[in-house]
Amino acid sequence: MNEHYLSGIGMTSQRTRNRLVQRLQEAGIRNEEVLNVIATTPRHLFVDEALAHRAYEDTALPIGNGQTISQPYTVARMTETLLANGPLERVLEIGTGSGYQTAVLSPLVRTLYSVERIEPLHNRAVERLQSLGYDNVHLTLSDGTWGWPEHGPYDGILAAAAPEEVPESLLAQLADGGRMVIPVGGKEQKLVLITRRGDHFARKTLETVRFVPFLPGVQN
Ligand code: SAH
């Protein structure tokens with residue numbers, strides 16, 4: 001990666017990113033690896049140029065097609081929760097969106113598979129992640145309701161869109177001992193951690209969140 005390009009000017013400086021990390025620490029994020037990755041991930045390259053000056057605020061921002069790039073706190077919290085039992089080998093993400101959460105997970109796992117249902121977002125994410133050199137990441141355009149069975153089972157699954165109920169296929173593609181972090185609900189959503197032991201799925205409700213809805217089908 002070109003250092004000049006990434007270091008940017010003013011609003012995209014390391015100092016601005018460090019302020020974001022400090023904010024996340026104050027909000028209770030403890031995992032140093034996660035904080036380090038957030039400090040070094042160029043979030044301004046995952047939003048429109050016109051919004052780049054707001055990229056290191058702890059807020060969700062529009063990315064087109066009615067979708068948003070996740071709030072850094074939420075990305076950090078979900079990543080930390082997913083990794084809380086140690087490193088993961090195969091991880092499935094539902095809702096690539098801008099690819100920002102994908103970029104944060106990439107250096108922390110061995111192989112990452114990510115599914116997006118909106119074609120223009122998928123195409124932009126492919127281009128962006130490729131040009132930034134995220135080479136353990138595989139992206140596909142499809143409806144994440146069905147997971148990505150060809151590469152499963154996964155020892156981690158993370159969803160960035162909220163279904164009313166956790167899709168059966170995602171539960172089925174979770175490996176024994178695996179962990180899934182997913183927002184669940186309609187208007188009132190909760191972040192849920194699901195851990196699998198054999199045929200038993202333990203659920204832990206974490207906190208109230210606000211995600212875009214988990215929708216069926218592919219949109220071109
Ligand atoms: N983590 C992403 C968040 C994007 S918003 C980021 O930081 O940019 C959530 C994304 O989930 C949207 O792009 C939306 O299109 C996608 N999505 C919703 N339902 C889906 C489904 N069934 N399959 C795949 N992607 C889905």
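The side chains of Arg 17 and Tyr 56 are joined by a polar contact of 3.3 Å (a pair of N or O atoms within 3.5 Å; within protein, one must be able to donate a hydrogen and the other to accept it, and residues adjacent in sequence count only if both atoms are side-chain atoms). Please keep in mind that this is a predicted model, where local features need pLDDT of at least 70, side-chain atom pairs count only at pLDDT 80 or more, and totals for chains, interfaces and linings use all residues. Residues are numbered from 1 along each chain as its sequence is written, and side-chain values use heavy atoms, with hydrogens and water left out.

**Arg 17**
- Helix α2, residues 14–26, contains Arg 17 (helices are DSSP runs of H or I, at least four residues, and strands runs of E, at least two, numbered from the N terminus).
- Arg 17 counts as buried because its relative accessibility is 6%, with buried meaning under 20% (1.4 Å probe, protein chains only).

**The shell around the ligand**
- The ligand is surrounded by 27 residues, and Ser 98, Glu 116, Asp 143, Gly 144 and Leu 215 are the closest (a residue counts if one of its heavy atoms lies within 4 Å).
- β2 (67–69), α5 (100–105) and β4 (109–116) each supply at least two shell residues, and β2 gives the largest share, three residues.

**Backbone partners of the ligand**
- A polar backbone atom of Gly 144 lies 2.7 Å from a ligand nitrogen atom.
- For Arg 117, a polar backbone atom is 3.4 Å from a nitrogen atom of the ligand.
- An oxygen atom of the ligand is 3.1 Å from a backbone N or O atom of Ser 70.

Notes: Buried means under 20% relative accessible area, exposed over 50%, partly exposed in between (1.4 Å probe, protein chains only).
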